[in-house]
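Have the structure open while you read.

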There are 2 protein chains.
Amino acid sequence: MSEKNSPTGSPGESPVSPLAPPGGFPALPEISGVRLATASAGVRYSGRPDVMLAELAPGTVIAGVFTRSATRAAPVLDCESKIGRSATGGAAILVNSGNANAFTGSHGSASVKAITGAVADLLSIDPDRVFTSSTGVIGEPLPHDRILAVLDRLKAGLAPDRAEDAARAIMTTDTFPKGAGREVELGGGTVRIAGIAKGSGMIAPDMATMLVYIFTDARISQPVLQQMVSASTARTFNCITVDSDTSTSDTLLVAATGTADAPEIASAGSPEGRAFHGALHEVMLDLAHQVVRDGEGASKFVEIRVSGAANDADAHKVAMSVANSPLVKTAIAGEDPNWGRIVMAVGKSGAAADRDRLSIRLGDILVAEKGWVAAGYTEEDGAAYMKRQELVISIDLGLGEGQAVVWTCDLTHRYIEINADYRS
Amino acid sequence: MSEKNSPTGSPGESPVSPLAPPGGFPALPEISGVRLATASAGVRYSGRPDVMLAELAPGTVIAGVFTRSATRAAPVLDCESKIGRSATGGAAILVNSGNANAFTGSHGSASVKAITGAVADLLSIDPDRVFTSSTGVIGEPLPHDRILAVLDRLKAGLAPDRAEDAARAIMTTDTFPKGAGREVELGGGTVRIAGIAKGSGMIAPDMATMLVYIFTDARISQPVLQQMVSASTARTFNCITVDSDTSTSDTLLVAATGTADAPEIASAGSPEGRAFHGALHEVMLDLAHQVVRDGEGASKFVEIRVSGAANDADAHKVAMSVANSPLVKTAIAGEDPNWGRIVMAVGKSGAAADRDRLSIRLGDILVAEKGWVAAGYTEEDGAAYMKRQELVISIDLGLGEGQAVVWTCDLTHRYIEINADYRS
């Protein structure tokens, strides 16, 4: 009974996604006020780190976005209740893989309480400043004693340069660790941002099986940071989809330690606020794209651009309808320039559309316009384009100014193999 | 460029679905006032009938339900405009397979006009009483001259007992012809109902790539018939899903010739109305189930029952969320009793749900209740149940009285093969 299946219950056995960023895990800036550690607790997997701990400096402010699932897991409910409270003293984030602590009845919150209490004691901080996430098996009680047993080891291992280790410890069916970082000059000082993420299936808007932790040394208030994080989530993590499914455990936490030698960011609209938000947005978008690139079975990375919609909400509906259509996704897997299926997906989206104003492009190739195949378009041109690994499908509805961009991958035999052929 | 791919552009080459009703095409009652014929026009396929004509007696009333797609095909737009007009003189339905006449610009309506005009001349009826449907390739002009060329042959072949031939002529990727019939005693007389359908992919609520034609000799007014058809569509064809995709061409037409020796059905609420509506509903449900059983690549027929929702609309949302979840559908294909994925799909549906009131059954086996795995449930019991070909998944939300039932199939390698591996 696992949130995601894998042949042996142990991840990392799949070949690395062909869409993984070349060059491996990026060099990330170290964030002052943040120390990371990982350990092998044997929650479910053996022989690999499965717990990560982040220790955060006193005064760190934390913003968060969580799954909108009505069946949210216990750690998510706990984190949500703590976001926005006062930021006195230090803070911590503890994440385990192997067990999602989801749909575990009253055991779920008891495990969260045991872990947050023990981490608070370990680091001499308030339990309300300890945030946890769990990812893996659903419906089995979390053996939290195994996590408590490695806390001393985690504390001893805390170090500022452990981002890649942390990214690996939180992987489940991921085929590569995900990280992104930026530095931005603000008022003569430097602000650094480093983020890690996991997720490769059960990915859809409203977060999805994603865990994302972003650290920065920016000096910023919690409400301003939350405003930026929420705004960018709408255009990054909520604009990706692998399989339209939404996890019970998705969590994005952004922790700002305030230790940078740059001035405080007073508001999102200030010059410093815009510069920092731009860099934070880039980190979030980079991580979101990496999650799609690790989509289960993905062989193509697809950007869907919609313009000319009656409004932005309609544009997003159309883009997601195309991105989630099994018939579009299988056509992409088959390298078939099957624009009829794109028309179908536009039509079913629920957004305002007019068949006779619609135009569709594959890359720069105009495929269809004004309700019919474009003059000069040939199947050969379309088929040649579809052989690329990175595709851009542009749809103009010809109705208004609404726009949206979303990212997805194709639907392949490998997705079925990962999710059907192996028993959990 | 086809609405659906198949290896050679010709259907019928796939092995018959393992879920096809045993016994083949059913014996259907002959409907007085209805004569059917088929012909091979070579619209796209060669060597098989691809056009069917139904001639309907003077006074026949016609009710219809159509795709809600915003990119509806030309024949759908034409049919919609004719439903509910006066029922003077005879009527006719002409359907071709091989070309959907969808997204064909102004050529689309010109083809419809050419066909309806020629059929009207052929049968000496009003063109406004001629209804057409097209299914197959999208984006290519319909070579309607090929259809006009076989009209005389169709007229010469009209006969009352051609339902199976008609069901075969409208097939595209279907692996078996679909028919259902009922007889109902009303006021000392007999009313007969016979229906045919096609569809196996691009199937989802709001109709989908389905064409359904139901004939009856009932004496009934158009508004009363339309009321019954619309009500039953909501609980039959709009409660099935194969792949969540919705076609541009879906059409359900119900034609009542009024030639039965039974009394007129004055209203839906009268004893005769209820009896007739019950039989009509059974025919519609039977055909809807056959469409799911022919779902592309289907190896399991799955009924999703939701109860205890805050209202019926929420129950339908939850049922469709489970039925359309790729992770649930691949788990079913893998015979994995992965109830955690069902919890996930309930949570993402958007309906009100409370993790700690939720219960889930596989058949009669209580799997989860009150937010956790049920006492006494074993994975062995669940796994044994999942090996069945016909599954019932019951979800009780424990919140209210809302109920819904939907039907779907699993997501298999064969679906990917049909939709990705072959070029159109």
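Chain A splits into domain 1 (34–293) and domain 2 (301–421), with bounds that come from an automatic or database domain assignment. This is a predicted model, where local features need pLDDT of at least 70, side-chain atom pairs count only at pLDDT 80 or more, and totals for chains, interfaces and linings use all residues. Residues are numbered from 1 along each chain as its sequence is written, while chains are lettered from A and ligands numbered from 1 in the order in which they are written.

The C-alpha centres of domain 1 and domain 2 of chain A sit 33 Å apart. Each side puts residues into the contact: 10 from domain 1 of chain A and 10 from domain 2 of chain A. Contact here is a matter of C-beta atoms, placed from the backbone, lying within 7 Å. On the domain 1 side, the elements giving two or more residues are β9 (240–241) and α7 (271–293) of chain A; α7(A) gives the most, with three residues. Helices (H or I, at least four residues) and strands (E, at least two) are DSSP runs, numbered from the N terminus.

Now for two helix pairs. Axes are lines fitted to C-alpha atoms, for helices over the stretch in contact, and angles run from 0 to 180 degrees between N-to-C directions.

| Helix pair | Axes come within | Crossing angle |
|---|---|---|
| α9(A) and α10(A) | 9 Å | roughly 160° |
| α8(A) and α10(A) | 8 Å | roughly 130° |

Given its angle, the α9(A)–α10(A) pair is therefore roughly antiparallel, and α8(A) and α10(A) are therefore oblique. The cut-offs are under 35 degrees for roughly parallel, over 145 for roughly antiparallel, 65 to 115 for roughly perpendicular, and oblique for the rest.

In the α8(A)–α10(A) pair, A:Val318, A:Ser321 and A:Val322 of α8(A) meet A:Ile342, A:Ala345, A:Val346 and A:Lys348 of α10(A). For α9(A) with α10(A), the touching residues are A:Leu327, A:Val328 and A:Ala331 of α9(A) and A:Arg341, A:Ile342, A:Met344 and A:Ala345 of α10(A).

Last stop, A:Val119, which belongs to helix α2 (residues 105–123) of chain A. Beyond its neighbours within four places in sequence, A:Val119 is in contact with A:Ala92, A:Leu94, A:Val130 and A:Leu151. Its C-alpha is 9.6 Å from that of A:Ala91, 28 residues apart along the chain.

How values were computed
Two residues are in contact if their C-beta atoms, placed from the backbone, lie within 7 Å.
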